[in-house]
Amino acid sequence: MASSTTKSTYWRGLARALPFVIVVIPFAVLFGVVATEAGLPLSQVMGFSVLVVAGASQFAALQFMSETAPILVVLASALAVNLRMAMYSASITPHLGEATLWQRAVISYFLVDQSYAMSATEFEAQPHMSLAHKIAYFAGVSTPICPLWYGGTYLGAVIGDRIPTEFSLDFVLPIAFLAMVAPALRTAAHIAAALVSIVMALALHWVPLNLGLLIAATCAMMVGAEVERRMQ
């Protein structure tokens, strides 16, 4: 009975992740196209997606690489964009931290924006879920995300030059993040951080090498943490 329930939890997670397929595939295809146009061979394009598995930081790093920015700037920008993963880990550890070492290793690899957003929401709504059910749900939401990211990247790298320009695949990037961020703005700290990031990013658009985004992200995290501290 427990096994059957765990399986149903897995399938529930998978079903709830399916809507993200609409944005994951075009997002991945776009990266494959852009990376190939930047001059990366297929092996490096796929290695980028398989090893990093983080679209936003991949695009950020690729842009800086295309602008021949110093390697330290490329690495710093990618790490700054991926700082959210550290916050994801801290947030989800109370739910999945008791998993075995190999399970935590797999979870950390597949902990991306979509899998975190859906899992964290479910775990908060169902506080009495067992560890086995939480792992099953996380596995379910991850199943249609990462494999399609790899496949979409390959598709974009191979046939990208045949995709009509009027398709304008770049629209999926802001849509994907809006779909994840908007429901997460549940507290004053979240809203404050979001507003500061918007204002600072617009105000610092003139900073070379897009470093204004890094400054905006840092300021937003500081403001969000301070608001949360004062509320507590």
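**Exercise 1.** Determine whether E122 is buried or exposed, and describe the salt bridge that joins R12 and E122.

*Solution.* Step 1. E122 has a relative accessibility of 6%, so E122 counts as buried (buried means under 20% relative accessible area, exposed over 50%, partly exposed in between, with a 1.4 Å probe and protein chains only). This is a predicted model, in which local features need pLDDT of at least 70 and side-chain atom pairs count only at pLDDT 80 or more, while totals for chains, interfaces and linings use all residues. Residues are numbered from 1 along each chain as its sequence is written, and side-chain values use heavy atoms, with hydrogens and water left out.

Step 1. The side chain of E122 meets that of R12 in a salt bridge, at 2.9 Å from N to O (a side-chain nitrogen of Lys or Arg within 4 Å of a carboxyl oxygen of Asp or Glu). R12 lies in helix α1 (residues 2-17) and E122 in helix α8 (residues 113-125), so the pair links distant parts of the chain, 110 residues apart (helices are DSSP runs of H or I, at least four residues, numbered from the N terminus).

Step 2. R12 is partly exposed, its relative accessible area being 29%. R12, R16 and E122 are linked in a network of salt bridges.

**Exercise 2.** Which salt bridges does E226 form with R229 and with R230?

*Solution.* Step 1. The closest N and O atoms of E226 and R229 are 2.6 Å apart. These two residues are three apart in helix α13, and therefore separated by about one helical turn.

Step 1. For E226 and R230, the closest N and O atoms are 2.7 Å apart. Here the spacing is four residues in helix α13, again about one helical turn.

Step 2. E226 is partly exposed at 29% relative accessibility, whereas R229 is exposed at 53% and R230 is exposed at 66%. The structure holds four salt bridges.

**Exercise 3.** Describe how the axes of α12 and α13 cross.

*Solution.* Step 1. The axes of α12 (residues 188-203) and α13 (residues 211-231) come within 8 Å and cross at roughly 155°. Axes are lines fitted to C-alpha atoms, for helices over the stretch in contact, with angles from 0 to 180 degrees between N-to-C directions.

Step 1. The two helices are therefore roughly antiparallel (over 145 degrees).

Step 2. Among the residues of α12 in the contact are V196 and M200, which face a set in α13 including V223 and V227 (contact means heavy atoms within 4.5 Å).

Definitions and conventions:
Angles under 35 degrees count as roughly parallel, over 145 as roughly antiparallel, 65 to 115 as roughly perpendicular and the rest as oblique.
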